[in-house]
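Please read the points below with the sequence and the coordinates open beside you. They cover strand pairing and charged side-chain contacts.

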Amino acid sequence: MSFEQLGLLPELLEAIRTQGYESPTPIQSKAIPVVLTGEDVLAGAQTGTGKTAAFVLPMLQILNKRRRTSKNPRALVLTPTRELAAQIEDSVRTYGRHLRLYSTVVFGGVGINPQIAKLRKGVDLLVATPGRLLDHVGQRTVDLSEIEILVLDEADRMLDMGFIHDIRKVLRLLPEDRQNLLFSATYSNEIKKLADGLLNNPRVIEVAARNTAAETVAQAIYRVPRSRKRTALSHLIKEGDWHQVLVFTRTKHGANRLARQLTTDGINAAAIHGNKSQSARTRALGDFKSNAIQVLVATDVAARGIDVDQLPRVVNFDLPEVPETYVHRIGRTGRAGTEGKAVSLVSDNERRLLRAIERLLGRSIEVASITGVDLSPKESDLEPPPPPGSHRRSQGNRHGQRRRKNASNDNRPRRQGSNNSSNNSNNSNNSNNSNNSNSNNSNRSSSAGSQKKRSRGPQHSR
Ligand code: AMP
């Protein structure tokens with residue numbers, strides 16, 4: 001299968017050639033023709049499979065069919081994190097370089113005014129994280145009433161991060177008749193519920209069996225006492241001369257500490273997480289991509305948007321509490337068909353987590369051994385580990401509640417069912433919400449891809 005056979009415009013084919021892509025990835029071969037028909041899509045695709053181009057290319061082609069008649073966006077991509085949002089918009093620019101379409105990206109953690117200025121100029125395609133998008137809606141600096149295509153990218157991750165309420169608010173602001181694309185690496189009951197309410201007779205596209213890790217990733221575990229993990233990691237990195245290593249820790253505090261310790265061990269490391277300023281994160285990511293730093297230690301949330309071509313190695317310093325997160329993590333390597341390696345340092349107290357991951361994968365992970373370094377348990381390893389709650393507490397909000405201040409800080413994990421009253425009250429002066437409170441997405445017209453009606457979207461005076 002070639003890109004030419006997918007029915008893409010010459011301008012898009014030219015941009016693809018410049019990127020050096022020789023042939024479509026499986027998700028691209030399957031999704032592009034379907035998205036071009038205007039149908040709703042439910043796609044099970046892991047990160048690294050080329051899924052961004054799978055929705056961006058056909059969206060650009062559809063948007064290019066006619067010119068914008070107002071300054072309002074016609075396509076909206078919702079993503080869980082700032083980094084991913086920035087990356088997707090970058091892809092939109094890259095693939096759309098020969099078309100006269102405009103895009104912009106909005107996410108929290110940076111000033112809102114430059115985003116407002118760009119929105120004012122008019123855009124065809126908007127990429128956004130949910131919290132900041134709602135901030136713009138509240139300030140009436142964006143009007144979503146002309147959205148023809150909606151993409152929920154990494155929908156499972158958005159739900160994990162507690163964005164369901166924000167997503168539902170955004171959905172109420174959109175016209176009923178639109179095309180919906182939902183991408184998710186894993187398929188939980190929550191995703192099914194969201195898909196059932198959102199998608200209209202969707203075409204289901206699957207490129208790998210659900211909940212299985214990318215086949216090109218070689219996985220191994222090292223059994224290491226908790227107190228020796230850092231020694232083991234330093235040893236593995238030095239002995240194996242590992243570069244561009246992405247290391248996952250469960251907490252921000254853990255990420256900071258490990259980056260400091262690795263630096264003490266003579267390894268060039270930096271930490272990236274939600275408490276870092278956007279500029280510090282961008283700098284760390286840039287240094288990592290250019291190989292100026294050898295190891296990037298990240299929390300799950302911060303690592304979500306990292307796209308480094310052919311990232312060779314991912315390390316789970318801590319196993320994740322949620323087994324699906326393991327699949328996401330190792331998806332950072334072995335991207336778009338390249339070889340990748342994922343290793344996990346597993347201590348005795350993490351056996352339960354390992355069993356859950358292996359159950360999800362449907363197989364056990366190979367156990368490898370480390371030689372040449374003392375990894376005997378210390379006395380502290382016999383003590384019970386700190387309860388999971390104490391990790392989470394150190395990740396930020398001590399009260400387990402979402403503060404409104406964080407609504408624009410999109411990378412913070414949010415708890416579903418947490419107290420959202422402050423959030424609601426913040427939006428209570430937003431006439432869009434009240435105008436559309438009766439809007440129900442399940443009532444949408446079934447003619448996806450047909451002539452768009454502008455019946456229920458908010459009409460702002462700009
Ligand atoms: P994604 O899954 O969208 O994050 O894409 C992962 C990586 O694959 C990105 O670095 C893309 O530039 C790259 N990529 C996307 N499509 C192709 C293709 N057809 N051939 C080679 N690389 C690709």
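1. Strands β5 (residues 149-152) and β6 (residues 179-184) run parallel and are joined by four bridges, and Leu150 stands opposite Asn180 in β6. Strands here are DSSP runs of E of at least two residues, helices are runs of H or I of at least four residues, both numbered from the N terminus, and two strands pair if DSSP finds at least two bridges between them.

2. This is a predicted model, in which local features need pLDDT of at least 70 and side-chain atom pairs count only at pLDDT 80 or more, while totals for chains, interfaces and linings use all residues. Residues are numbered from 1 along each chain as its sequence is written, and side-chain values use heavy atoms, with hydrogens and water left out.

3. The β5-β6 pair belongs to an open sheet of seven strands with parallel pairing, in the order β3-β4-β2-β5-β6-β1-β7. Because β3 (103-106) and β7 (203-206) each have a single partner strand, one side of each is left without a neighbour in the sheet. The twist from one strand to the next averages 15°, where axes are lines fitted to C-alpha atoms, for helices over the stretch in contact, and angles run from 0 to 180 degrees between N-to-C directions.

4. Another open sheet, again of seven strands with parallel pairing, has the order β10-β11-β9-β12-β13-β8-β14, with β10 (269-272) and β14 (366-368) as the edge strands. Its twist averages 25° from one strand to the next. Helix α11 (residues 252-264) packs on this sheet and touches β9 (245-248), β10 and β11 (295-298), its direction making about 175° with that of β10; contact means heavy atoms within 4.5 Å.

5. The count of salt bridges comes to 17, each being a side-chain nitrogen of Lys or Arg within 4 Å of a carboxyl oxygen of Asp or Glu. One of them joins Asp153 and Lys51 at 3.1 Å, N to O. Asp153 lies in the loop between β5 and α7 (155-160) and Lys51 in helix α3 (residues 51-63), so the pair ties together parts that are 102 residues apart in sequence. Asp153 is buried at 0% relative accessibility, and Lys51 is buried at 4% (buried is under 20% relative accessible area, exposed over 50%, partly exposed in between, with a 1.4 Å probe and protein chains only).

6. Asp124 and Arg68 also meet in a salt bridge of 3.1 Å, N to O. Here Asp124 is buried at 3%, whereas Arg68 is partly exposed at 24%.
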